[in-house]
Amino acid sequence: MIDFEKIISSFPILDVKVNDNKLVYFDNAATTQTPTQVTNSIRDYFNKQNSNIHRGVHYLSNISTEDFEQSRKKVKEFIGAEKDEEIVFTKGTTDSINLVATSYQKFLNPGDEILISEMEHHSNIVPWQLCAEKTGAKLKVVSVTKEGEIDMDHLEKLLNEKTKILSITHISNTLGTINPISEITKLARKFDAKVFIDGAQAIAHQKVNVTELDVDFYCFSAHKLYGPTGVGVLYGKEEILEKLPPYQGGGEMIELVTFEKTTYAKLPSKFEAGTPNISGVIALGRAIEFIEEINLDLIFEYEAMLLNHYNEKSTILEYYEPFGTSLNKSAIASFNLKKAHHYDIGVLLDNMGIAVRTGHHCTQPLHKKFNLSGTIRASFGIYNTKSEIDYFFDCLSRAYKMLY
Amino acid sequence: MTSVEKTQNEIVEELSLFTDWIEKYEYLIELGKDEIDFDKRFMKDEFLINGCQSKVWLYAKQNNSKVTFHAYSDAIMTKGIIALLIKVFSNQSPDDIINSKLDFIDKIGLKSHLSATRANGLMSMIKQIKIYAIGFKEKNG
Ligand SMILES: Cc1ncc(COP(=O)(O)O)c(C=O)c1O
């Protein structure tokens, strides 16, 4: 059982009042709130151990280095990776994707193919477009069905010997669809294509094991995992990371520098140029502890219950038009209300204290395909409740009545 | 006081009669539902205002020495705000439009209800209105 009172008490931000209403935070797919365990860790870091890592001989640097590397171990265990060397700290999901989409250019030739899907976040589209432009590789796009699922037949059709890398989201930030990663990976293996998974929306909502999924790369952001902004993770299989050239040059990532030639540091330092976000990485470790203490399987069950309750409520509104109706969904609900502009609804909900996202949620091509100028998105986290959902639907009807 | 400023004050006064945000928004929604003088041929990208979450198209015409503005949005609330702007700026002289202080947005207490991106959209609209006025002034010599 989840100790709900304890969870809630860790999030003082939930006491914020918006326009005299209690805040209802349904924008967890954009960013999750940070518990005091995480914010205290950031404060303590600066008050008690601020220093640079991996280079000092002194006390502060030693304990910070220790904590930083401890976080790496924690991430490794959290996602079921095999080695510390496979965990690279980045600025976030976007940064992780750019790293691979840049470094991987070395292995791409004109005519090679990169495969993504129609439901990708702009962060998993644009870096690959840049990569394709640079290398002469072609970007191929797998269709999404009207339920909002990856069209697996189309995926199979597009895969061929020229496919070098396939980059797909684990869970769609707009549709909520949980994609069948193992199945996709098996198909890709037939053609020796590498598999990159954007785990931004999955990592805080279900147990992820990169070894079981057998993916080559997996990435996520700390700020969608109840951690701080500005930190992310790139997991890559050691043998592949070994072969990839560095992404950025600078301190920390070198072994020996002369003006003629520089040799690079071993993994993972090779990909961690410059002073990293030390307090953020340590805080990410705290966020993982926080999540693990609650237990991800219980979180998955709890959020599935919330989504279920949400779906039941939504079917009562005859003017509710869902976007993304897969049966295999995470707790993300995008929708429109018949005739209403998403913006009008968003403004009215905001005034009632409800935080939702409106617009295209960084998935313009997906919205365009279904002829939508935008949607409203409610996305849930561990501190949300059924009664908040009830309040949400009351507000939704009130807003709709105000407009029509 | 310019006549633009006078109209602004009238609007501020009218809206100050409302005691809570719901009434204010209902008023905006009513305004947003009113028929407007907008020629749909202008619903083209070149008349689109950047920076709004909802789409806004805006064009201007000159009638004798006055400028009239015509705008449309796909969102009702935005249309309501546009209606207010048009009330303020339409049928005014270019000089009045260019020289007027614009504090009514703050005074009617809508800004706090608009997020930064939305406030930006509103600012882009006002900027475009002023650009039209400057254009007409230059044309008139
Ligand atoms: C599926 C997906 N990919 C990528 C991103 C980008 O994450 P970040 O902005 O943290 O780099 C997001 C977050 O909005 C996302 O939902």
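## Report on a two-chain predicted model with one ligand site

Chain A is divided into domain 1 (4-30 + 296-403) and domain 2 (39-293), with bounds that come from an automatic or database domain assignment. The model is predicted: local features need pLDDT of at least 70, side-chain atom pairs count only at pLDDT 80 or more, and totals for chains, interfaces and linings use all residues. Residues are numbered from 1 along each chain as its sequence is written, chains are lettered from A and ligands numbered from 1 in the order in which they are written, and side-chain values use heavy atoms, with hydrogens and water left out.

**Domains of chain A**

The C-alpha centres of domain 1 of chain A and domain 2 of chain A are 28 Å apart. Between them, 35 residues of domain 1 of chain A are in contact with 33 residues of domain 2 of chain A, where contact means heavy atoms within 4.5 Å.

**Ligand site**

The residues around the ligand are A:T93, A:T94, A:H121, A:S123, A:T169, A:N173, A:D198, A:A200, A:Q201, A:S221, A:H223 and A:K224; a residue is listed if one of its heavy atoms lies within 4 Å of the molecule. By class, this shell divides into one nonpolar, nine polar and two charged residues. For that division, Ala, Val, Leu, Ile, Met, Phe, Trp, Tyr, Cys and Pro count as nonpolar, Asp, Glu, Lys and Arg as charged, and the others, Gly among them, as polar.

The table gives polar contacts of the ligand with side chains. A polar contact is a pair of N or O atoms within 3.5 Å; within protein, one must be able to donate a hydrogen and the other to accept it, and residues adjacent in sequence count only if both atoms are side-chain atoms.

| Ligand atom | Side chain (N or O atom) | Distance |
|---|---|---|
| nitrogen | A:D198 | 2.5 Å |
| oxygen | A:S221 | 2.7 Å |
| oxygen | A:H223 | 2.7 Å |

On its own the ligand has 390 Å² of accessible area, and the protein covers 85% of this. Accessible areas come from the Shrake-Rupley method with a 1.4 Å probe; for residues, only the protein chains shown count as cover.

One of the residues around the ligand is A:N173, which lies in the loop between β7 (163-169) and α7 (181-189) of chain A. Helices (H or I, at least four residues) and strands (E, at least two) are DSSP runs, numbered from the N terminus. A:N173 counts as buried because its relative accessibility is 6%; buried means under 20% relative accessible area, exposed over 50%, and partly exposed in between (1.4 Å probe, protein chains only). A polar atom of the A:N173 side chain lies 2.9 Å from the backbone oxygen of A:H361. Leaving aside neighbours within four places in sequence, A:N173 is in contact with A:A29, A:H121, A:Q201, A:I332, A:H361, A:T363 and A:R377. From A:N173 to A:T93 the separation is 80 residues in sequence and 13 Å in space, C-alpha to C-alpha.

**Buried residues elsewhere**

A:T32 sits in the loop between β3 (24-25) and α2 (36-49) of chain A and counts as buried because its relative accessibility is 3%. A polar atom of the A:T32 side chain lies 2.8 Å from the backbone nitrogen of A:Y226, and the side chain of A:T32 also reaches the backbone nitrogen of A:L225 at 3.4 Å. Not counting residues up to four places away in sequence, A:T32 touches A:H223, A:K224, A:L225, A:Y226 and A:Y383.

A:I299 belongs to helix α11 (residues 296-316) of chain A and is buried, with a relative accessible area of 0%. Leaving aside neighbours within four places in sequence, A:I299 is in contact with A:I2, A:A204, A:I291, A:I294 and A:I382.

In chain B, B:I49 is placed in the loop between α2 (21-33) and β1 (56-63) and is buried, with a relative accessible area of 8%. Its contacts, leaving aside neighbours within four places in sequence, are B:V56, B:L58, B:G121, B:S124, B:M125 and B:Q128.

**Backbone features**

A cis peptide bond with omega of about -5° joins A:L267 and A:P268. A:P268 lies in the loop between β12 (262-264) and α10 (278-294) of chain A. A:E252, not a glycine, has a positive phi of about 75°; at 19% relative accessibility, A:E252 counts as buried. B:N64, also a residue other than glycine, has a positive phi near 50°, and at 76% relative accessibility B:N64 counts as exposed.
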